[in-house]
Structures are given as structure tokens and as C-alpha cells.
Amino acid sequence: MKKLAIGLLILVVFQWLGQWGVAFLGLNIPGQLLGMILLLVVLSLNKSLLPWLETTSSQLIRFIALLFVPITTGAFFLGPEIFAQLPQILAVLIISTLLAQWFMALLINRLRRSGDK
Amino acid sequence: MSEIIAQQWQIISSTSWPLLLTLAGFAIAWWTYNRSGRASLLHPLMIATPLIYFTMQIIDLDFAAYYSGNGILNWLLGPATVALAVPLSQQLRQLPAMFKPLTVALLLGGLFATLSALLLVKLFGLSDIVLLSLAAKSVTSPIALSIVEQIGGLTSLLAVATMITGLAGIVVAKTIFHLTQLEDERWQGLILGVTAHAIGTAKAFESSPRCGAFATLGMGINGILTAIALPLSIGLFIL
């Protein structure tokens, strides 16, 4: 429990640093993402924070679907203008995912073949 | 700095009883999902959200009140985004000798996943708000959410879009790998992570830890790159 709380505190501090940094530097990226990049840099340079973060981060990631329940429920309230476009939206998502996987698989096959030579 | 903290405290302190609705809905969904042997289409979000929606209709609760009542969960999305650095740092440390093909596949694959979606949105003549909401659909949801907030899309539409993308990704991946004869599980993992984010990564971990490690790598790096590139370039698609 203590580990969980300290881990959360570290994450929050990095989130704040990221949000503050983005505002301070006038960057055009999300603040919590800068926080994540900062933590990534710190962790690659020095592992000492890692044991404090492992429990919290794996629990947060494990139950991430729970955190997304409220915002996803909002989809039922999007309104007629969006609902009317729903079939096309579904098509966009499915087709682009399929194409991207197919493209990546062919690209990787190609890269590996040229790597073998 | 104090402004940022005050704003977040406001989100947390607005938490109230609608949180129980979310927890109950999620508990039922989680139980059903595990009971079904984790069938993709019974993803917890697919069950919990309609349950909560119908309950809201019955008890006459509007979305704004429900959403702010779940403040603590909404707030936790921030730390959850930062938390992604932990598994990513563990994978980066053992970044293999295949650095160059990995980088090329990641860059082009991530670009393709986003670009193909944006072009299809244009092709189907969908509205700009839909375009802004779908732009980050193949990025892992907490990062995607912050990108869409940044560029001004509808976060609820994005949340559904990432869920559908992830589910579509794990359903079609097997066929794609078969058709293209891609059998190496490391590369399969990378593709799952880049195109189907966390849902794909969870699937990859079911294949093997190695497959999952590559999916984590693909998902994390693609998330960072998209978050940097998209806010800068999205203007090109809105005319």
C-alpha cells in the first residue's frame, strides 16, 4: 500500500512537471506526455526509481479500462450528427487498421529480406 | 504550477456517488469478460458502458453530472499516461540488434496507420470534428486522449474509436500474418502494438512474453511520435 502511494506520487510529480514544462516552454504536445518522456529519460539513466513505480504502474495499466468507462459512456450522448456518420466511421477504423497491418507486414518482410543479404 | 494543481484538485474533489455506478458496471463487465474466457467482443468497455447508459436513462442522470462525479477516475488518466514510461523503459533497455529495421517499421507503420484513417475520413466526406476525433485512434488510449484534447476533437468519440480499432486489430491480425507469411512473433508483436495499441499488446502477451515486449515497444514509441507529430500536422487536413 505504501509502495502504491509513493509510486502514484512519483507519477503525479512527473505529470505536473510535464504540464508545467509544456506551458512554460510553449510546446505543442500534451503535458502528461512530456511527463512520460521525462520519466522515461530518468528511468533509462538511473534505475533507482523503478522498484517504487512497478506496482503502481502495472495496476494502473491493468485497470486502464476502468478509467475509460466514464469517457466511453459519453459516446452514447454524442448526438445525431455524429450518429449519422457512424457506419462510415466504423468502416474507416476497420479498413485503416487492416491496411496498416498489411502494409507493416509487407514492409517488415521486405526489410528482413534486404537485411539477410 | 499552483494553477495546475488547483485545477486537478477540482477534478478530484468533484467525485461523488456516480462513481459507484461506474464501479458496479465495471465489476459486472469484468466478471462477464473473465467468465467468457476473455472473448474480444466482450471487452469490459463493451459491456460496462451500455449498462451504465441504460441505468442513467432509468434514474434520469445526465452525462455532465455522471462524468464530473467520476472525477477521481478521470484524474487518474494523467498518472496512467505517465505510468506507460515504466514498461517502455524496461523494453528499451533490451533494445535488440534489429534497431534499424525496427525504427523504419515503426515510423512508416505508425505514419501509415494514421494517414490511411485521415484519408479515408476525407474520402467518405466525414466532418472535420470526426477527423480530429479519429486522428489518434491507433495510439494507446491515455496518450490518444491527451492528443485529441489538444487538437480539439470529441474525446468520447475517440475513446470508442480506439476501442474499435484495438478490437478490429486483434481480430484481423491473425489472417494478415497468415497471408503475408509473417511468422516471427517479435514482428507480429510490433505490428499489434503499433496498430492495435493496448488491446493488441494484451493479445501479444497471450502469445508469448517476447511478442508482448515488442508490442509494448511499438505501442509506446508510436504513441510518443504521434503525440509530437499530430498536433503539428493536423492543420493540413482541415481546409
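**Note on a predicted two-chain model**

1. In chain B, helix α11 (residues 185-207) and helix α12 (residues 209-233) have axes that come within 6 Å and cross at roughly 70°. Angles of 65 to 115 degrees count as roughly perpendicular, and α11(B) and α12(B) are therefore roughly perpendicular to each other. The residues of this helix contact divide into 13 nonpolar, eleven polar and three charged. Two numbers are given here because two packed helices are described by the angle between their axes and the distance between the axes. The whole model is predicted, and that applies to every point below.

2. The end of chain B deserves a look. F237(B) sits in the segment after α12 of chain B. Which residues does F237(B) contact, leaving aside its neighbours within four places in sequence? They are L118(B) and L131(B). The C-alpha atoms of F237(B) and K122(B) are separated by 8.4 Å, although the two residues are 115 residues apart along the chain.

3. Next, the contact between the chains. Chain A contributes 68 residues and chain B contributes 85 residues. On the side of chain A that touches chain B, at least two residues each come from α1 (2-25), α2 (31-45), α3 (50-62), α4 (64-67), α5 (69-73) and α7 (86-116) of chain A. Helix α7(A) gives the most to that side, with 25 residues. By residue type, the side of chain A that touches chain B divides into 48 nonpolar, 18 polar and two charged.

4. The largest nonpolar core has 106 residues. A85(B) and L158(B) are the residues with the most contacts inside this core. Helix α10 (residues 155-179) of chain B gives the most to the core, with 13 residues. Which residues of chain A are in contact with A85(B)? Leaving aside neighbours of A85(B) within four places in sequence, the contacts are M36(A), L39(A), L40(A) and L43(A).

5. Chain B is divided into domain 1 (2-83) and domain 2 (85-237). The C-alpha centres of these two domains of chain B lie 24 Å apart. How many residues does each domain give to the contact between them? Domain 1 of chain B gives nine residues and domain 2 of chain B gives ten residues. On the domain 1 side, helix α5 (residues 71-83) of chain B gives the most, with five residues. The residues of that side divide into six nonpolar, three polar and no charged.

6. Most residues other than glycine have a negative phi, and most peptide bonds are trans. R38(B) has a phi near 55°, a positive value in a residue other than glycine. R38(B) is found in the loop between α2 (18-35) and α3 (44-59) of chain B. With 13 C-beta neighbours inside 10 Å, R38(B) counts as partly exposed.

7. Where in chain B does Q181(B) lie? Q181(B) is in the loop between α10 and α11 of chain B. Q181(B) has 8 C-beta neighbours inside 10 Å and therefore counts as exposed, since the cut-off for an exposed residue is 12 or fewer.

Definitions and conventions
Residues are numbered from 1 along each chain as its sequence is written. Chains are lettered from A and ligands numbered from 1 in the order in which they are written. This is a predicted model: local features need pLDDT of at least 70, side-chain atom pairs count only at pLDDT 80 or more; totals for chains, interfaces and linings use all residues. Two residues are in contact if their C-beta atoms, placed from the backbone, lie within 7 Å. Helices (H or I, at least four residues) and strands (E, at least two) are DSSP runs, numbered from the N terminus. Ala, Val, Leu, Ile, Met, Phe, Trp, Tyr, Cys and Pro count as nonpolar, Asp, Glu, Lys and Arg as charged, and the others, Gly among them, as polar. Domain bounds come from an automatic or database domain assignment. Axes are lines fitted to C-alpha atoms, for helices over the stretch in contact, and angles run from 0 to 180 degrees between N-to-C directions. Angles under 35 degrees count as roughly parallel, over 145 as roughly antiparallel, 65 to 115 as roughly perpendicular and the rest as oblique. A nonpolar core is a set of buried Ala, Val, Leu, Ile, Met, Phe, Trp, Tyr and Cys residues joined through C-beta atoms within 7 Å. A residue is buried if 20 or more other C-beta atoms lie within 10 Å of its own, exposed if 12 or fewer, and partly exposed in between; C-beta atoms are placed from the backbone.
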